[in-house]
Structures are given as C-alpha cells and as structure tokens.
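Dear colleague,

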Amino acid sequence: MADLRESRILEPALEQESAEARHARLSARLREIVALAYERAPRAREQMRAAGVGPADIRGLDDLHRLPVTRKDDLSALQQADLPFASLLAVPVGQVQRVLMSPGPIYDPQGPVEDFWRFRMAFAAAGLRAGDLVQNTLSYHLSPGGFMLDAGLRALGCVVIPAGTGQTELQVRIAHDLGVTGYAGTPSFLHTLLTKAREAKTPLRIAAAFATAEMLPESLRAELETEHRVRVLQGYATADVGCLAYECPEKGGMHLQPEAIVEVLDLETQAPAQPGQPGEVVATVFDTAYPLLRFATGDVSSFAADERCACGRTAPKITGLLGRVGDAVKVKGMFIRGAQLDAVFKSRLEVARWQAVVTRDGHHDQLAYLVELAAPVPDPVAFAGQLAEALRETAKVRGEVRIVPAGTIPQQAKRIDDRRVWK
C-alpha cells in the first residue's frame, strides 16, 4: 500500500519570504521585465505607448495598474493578424525550444530556460521527490500540457514517463512494470487508471499525484485518498503564463507561485478585488523570451483571507477557480470556445441552431452538441458522425452530436451550457 507523502519547501528563500521582501523582489523584477518587453517585444511597446506609459513610469508593484491589459480571448485574433506570436515574443523564433498550440488556435512558445512554466515548487508541494518515476498523462501532441508538466518534473529531478492521454490498460501496465511512484495529469484520468488497475488486480505504487487541467471535486479527492491511498494536490496554470498557484497539504486554497505577479481584478471596475470578492485572474510573468504583462486569463477566482498558513509558505492564496469570463469552458482538460465551434457549424448549411452542453457523469466530463437542422438530411446518423469528427478536430475534445427537433434549444441560450455540479 502506498504511503501518503509529506511535501517539502523546495526553495525557502522564495516560499517563506516576508511580504515586504516579496514586494521588493517582485517590484525589481517588474521594472526589469517591463524594460525588456518595451525594448524587444514590438506589440508590448505599442500597447504601452498607447496607454501613455513607458518603462521609467513603472517603478514597482504600486505602478502595475498603469500597464495595459492583454486578454487571452483576444490573443488568437491578434496572432492571426500578426503571425505567429502577435509581436509579443522578445527573442527570435529560432531561440525558443518548442512552438506548441492550444485551442483558439493560440501558438505558445516555450523559451530556453529549464522550468519555463515554473511547476517545480508545485510538484514538491504535492509530495513528488527527486528520483520519483512520474507518469505524465497530459497530451504531448501539439498542445503544451504534457511539456509543461514534463519540464517542471525534470527540473525537480523526477524521471518522467511521457504517457500522454488514453490507452488506460497500457498505462496500467507501464505504471506496474516500472514501479511508478508519482502521477501528473487530470484527476479524472487518475481515477480511471487506479480503478482499472484494481479491476485487473494489478498493484500500483503511486503515492503522490499532482492534479491539473480540470476541476478537482472534493468527493473525487476523498475517494482517491481514502480508497486508493494516493495523496492528491492540485495546481492552477494556463498554457500562456504557466503555473500561477498550487496547493500545499493544508489545502484551503492555492498559494501564488512566487515567480509571477498575480492580480484578481473586479469584473466591472477592473480595480483590485478585495479578499473573497470574485474577479478575473491577471498575470505578469518574467519570461525573457515571452514577457506577457498583465495577461488576463479569463479565469475567475478570489483571494483568500490573508492568514498565515501552517505549511510555512507565506505567499497569498487564491480560493480556486469559480468560472470563466466569456464563453470559453474547460472540458476534459481542454478549453472549448464558442467562436471555434460556431465556425464549424456555420460551414454546414444543414445546421440551423446548435448548443454545446457539458455535464458530469461520475468523475468524468461529458460533452454533447444539440443540433437543430434547417432541413432534413438523407442519413442523420452519418451526418452526426461527420459533424462530431469535424468538431473533435477543431476543439481537440470528443463530443456526441445529437440531432434534436426544432425549438429544442431555448431562445437566447448560451452557446456552451456548463451544467456540471462540483462537490
């Protein structure tokens, strides 16, 4: 039976620094990255000039609000108008490690530093250790997820099994044969993996798991920890700005990653939100290759009350994700966007109206597309299958197309109706 591992403070100078030291350090780094972005990233320079601000005006965190905001929901269009990175890249393309793609489509560069997306502290907090064999189950195919976790795990000193998605029986065999001790990926696939192993009477040694890319309901965490004896902690990241927050064993929210600036802005006024008040997560990162300044993620969260955490980490906490700004919704670890789906449906003249419906079956996301037809089609089953495949190619998530009678979809209905209930 696997033991529940204790986490450790990986970098005390950062994870246990005082609020004053953190403010001074982040202020200094902000001055540096603003100057670099202004000099080397043409769009960042144009945005600052349009806002009437320059590097000399940004002396620290207290001036952060003067910088313009770049929104994730605008990034795909900005890139298409100025390929490939909307002039936000600060180095020649030949100097990045990889170019990846997330739904949008959005092209994501991976800069040349070791832990580009800053996950190593999150993994240490989750109980992973140098020398652990960790099965990484996020996709390595074009999308950044697999590489994001891979880089952080290797920076921590873990041995990575690049398992990717699916092939549950094969993944059980790999975990058993290699004596895998750690897991990284979505919590729902961890549940699938452990359940399949139990059914096959195949013992696994997984002791610690880092969950990301989808919600972690407490009911699922309790089942994983109680029935399977795997300690599960989670982190929050986006493909654009990397890891922004992660849980410690005390839970009760996620500590901010010390190497980034995270704001939560009021949804109406864009002023800093008070603790407990929902707002949009806005991040500034110090990547010299891709220096995103005040990047609005579209995710909604809130700051927890400013209380000292028993784990010893001093960074503030966010309370978790409360939803999204706009109509993008994460399903099975991938974002689906209304505009993307609409482009597919508009290409089929047979479609009159559509709606994507997201539900939860046990611990797994379910995606269905309700489709009202403008006119009958000769073979509804074949048409639904073709449409489902086109949507899967675009959204990178498999969903079922259901042909429904005219009038089924309510007037003014959301394009993506998220009906999941998290417990």
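What follows is a short account of what was found.

This is a predicted model, in which local features need pLDDT of at least 70 and side-chain atom pairs count only at pLDDT 80 or more, while totals for chains, interfaces and linings use all residues. Residues are numbered from 1 along each chain as its sequence is written, and side-chain values use heavy atoms, with hydrogens and water left out.

E17 sits in the loop between α1 (12–15) and α2 (19–40); helices (H or I, at least four residues) and strands (E, at least two) are DSSP runs, numbered from the N terminus. E17 is buried, with a relative accessible area of 8%, where buried means under 20% relative accessible area, exposed over 50% and partly exposed in between (1.4 Å probe, protein chains only). The side chains of E17 and R25 are joined by a polar contact of 2.4 Å, that is, a pair of N or O atoms within 3.5 Å of which, within protein, one must be able to donate a hydrogen and the other to accept it, residues adjacent in sequence counting only if both atoms are side-chain atoms.

Strand β2 (residues 98–102) pairs with β3 in the antiparallel sense over five bridges, pairing requiring that DSSP finds at least two bridges between two strands. Within this pair S102 stands opposite I106 of β3, and four of the five residues of β3 (residues 106–110) are buried.

Elsewhere, four strands form an open sheet of mixed pairing, in the order β20-β19-β18-β21.

With best wishes
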